[in-house]
Amino acid sequence: MWRLSDDNDVSPAHVRAKIEACLEQGITTMDQADIYGGYEAEAVLGHALRGSDLRDRIEIVTKCDIVAPAGRYSDARVKHYDTSAAHIRASVDQSLDLMGIEHIDLLLIHRPDPLMDHHETGAALDEIVKSGKALHVGVSNFKPHDWTLLQSAMKTPLVTNQIELSLLAHEGLTNGDVAFLQERGIAPMAWSPLGGGSLFAESSANLRGKLDEIAKAQGVDAAAVAVAWLLAHPARIMPVMGTNNLDRIGALAQAESVEIDRQTWFELYTLALGHEVP
């Protein structure tokens with residue numbers, strides 16, 4: 001829901017149509033953040049949920065700790081992170097209010113905060129879960145050392161790390177980010193699984209050509225193949241898809257039907273690397 005409020009049509013009916021298009025193919029989790037849409041996307045979702053039964057049919061993820069000079073933080077002098085207990089509590093309460101919901105299914109700390117007091121932040125997250133305002137908590141964009149630092153001060157288990165992963169941002173597969181989570185049986189969430197559209201740019205022509213070849217052979221869209229490449233990984237990667245186009249939303253589940261064997265996986269990986277593996 002990163003660009004939810006950027007759509008030309010943000011009416012409750014249109015937003016509901018997008019959610020229904022997801023539900024029709026078994027996609028039930030909606031990924032939000034307080035900062036999305038200049039701190040407006042949560043309110044757009046909230047307007048759509050009111051007066052419908054959709055809240056009972058979906059899980060809502062949202063995030064906090066980024067303070068940028070926009071919206072309700074327009075007076076901020078500089079973009080920064082805030083993992084203080086007071087900020088986390090206020091952010092959660094505002095998210096609940098804007099979306100008109102009683103609890104958040106999963107709350108994530110959006111970015112690692114170099115000024116984080118892990119004891120304070122950890123206690124605040126424990127408190128949020130104990131109060132029932134969030135059912136689960138996790139992190140986003142954390143490195144393994146950031147994860148272990150925060151988790152060391154918590155009673156509640158962190159349940160995921162949402163990190164950038166795609167054919168164009170594959171470093172997490174070899175730098176320890178994914179291995180750290182895989183070792184612990186924790187499924188990573190992958191943001192920008194299509195590389196923010198760069199996957200289909202001219203600079204990625206060779207890779208796009210292979211994606212198109214596989215897609216044609218299996219009767220799917222090239223984007224479905226790129227997502228299937230992530231789904232083939234044993235870490236149980238969960239791609240976070242983002243589009244305002246109803247037709248594209250309706251085709252998201254194609255990725256589950258794509259067959260990617262080991263050599264095909266490495267063919268795509270080799271093209272992404274620009275050279276064969278060592």
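Colleague: Hi! At what angle do helix 8 and helix 9 pack?

Modeller: About 100 degrees, and their axes are 8 Å apart. The two helices are therefore roughly perpendicular to each other. Axes here are lines fitted to C-alpha atoms, for helices over the stretch in contact, with angles from 0 to 180 degrees between N-to-C directions. Angles under 35 degrees count as roughly parallel, over 145 as roughly antiparallel, 65 to 115 as roughly perpendicular and the rest as oblique.

Colleague: Before we go on, what sort of model is this?

Modeller: It's a predicted model, where local features need pLDDT of at least 70 and side-chain atom pairs count only at pLDDT 80 or more, while totals for chains, interfaces and linings use all residues. Residues are numbered from 1 along each chain as its sequence is written, and side-chain values use heavy atoms, with hydrogens and water left out. Helices (H or I, at least four residues) and strands (E, at least two) are DSSP runs numbered from the N terminus.

Colleague: Back to that pair: which residues of helix 8 and helix 9 meet?

Modeller: R208, L211, D212, I214 and A215 come from helix 8, and A222, V225 and A226 from helix 9. By class that's six nonpolar, no polar and two charged. Ala, Val, Leu, Ile, Met, Phe, Trp, Tyr, Cys and Pro count as nonpolar, Asp, Glu, Lys and Arg as charged, and the others, Gly among them, as polar.

Colleague: How many residues of helix 9 are buried?

Modeller: Nine of the ten in helix 9 (residues 222-231), so the helix is largely enclosed by the rest of the structure. Buried means under 20% relative accessible area, exposed over 50%, partly exposed in between (1.4 Å probe, protein chains only). The buried residues of helix 9 pack against strand 8 (189-191), helix 8 (205-218), strand 9 (238-240) and helix 11 (262-273).

Colleague: W229 is on the buried list for helix 9. What does H170 touch?

Modeller: W229, as it happens, plus Y269, A272 and L273, leaving out residues up to four places away in sequence. Contact means heavy atoms within 4.5 Å. H170 sits in the loop between strand 7 (158-164) and helix 7 (177-183). At 11% relative accessibility, H170 counts as buried.

Colleague: New topic. Which residues of the largest nonpolar core touch the most other members?

Modeller: Out of 51 residues, I19, L45, I88, L107, L125 and L150. Such a core is a set of buried Ala, Val, Leu, Ile, Met, Phe, Trp, Tyr and Cys residues joined through side-chain atoms within 4.5 Å. Another core, of 31 residues, lies apart from that one, and A223, A226, A255 and W265 are among its members.

Colleague: What's L125 in contact with?

Modeller: I88, L107, I109, V137, L150 and M154, setting aside neighbours within four places in sequence. L125 and I88 also belong to the meeting of helix 4 with helix 5. The axes of helix 4 (residues 85-99) and helix 5 (residues 118-131) come within 9 Å and cross at roughly 30 degrees. These two are therefore roughly parallel to each other.

Colleague: And how do helix 3 and helix 4 pack?

Modeller: At about 40 degrees, with axes 7 Å apart, and they are therefore oblique to each other. E42, A43, L45, G46 and L49 of helix 3 make the contact with S95, L98 and M99 of helix 4.

Colleague: Is helix 3 mostly covered or uncovered?

Modeller: Covered: eight of its nine residues are buried. Those buried residues pack against helix 1 (12-23), helix 2 (36-39), strand 2 (59-64) and helix 4. After helix 3 comes G51, with a positive phi near 80 degrees.
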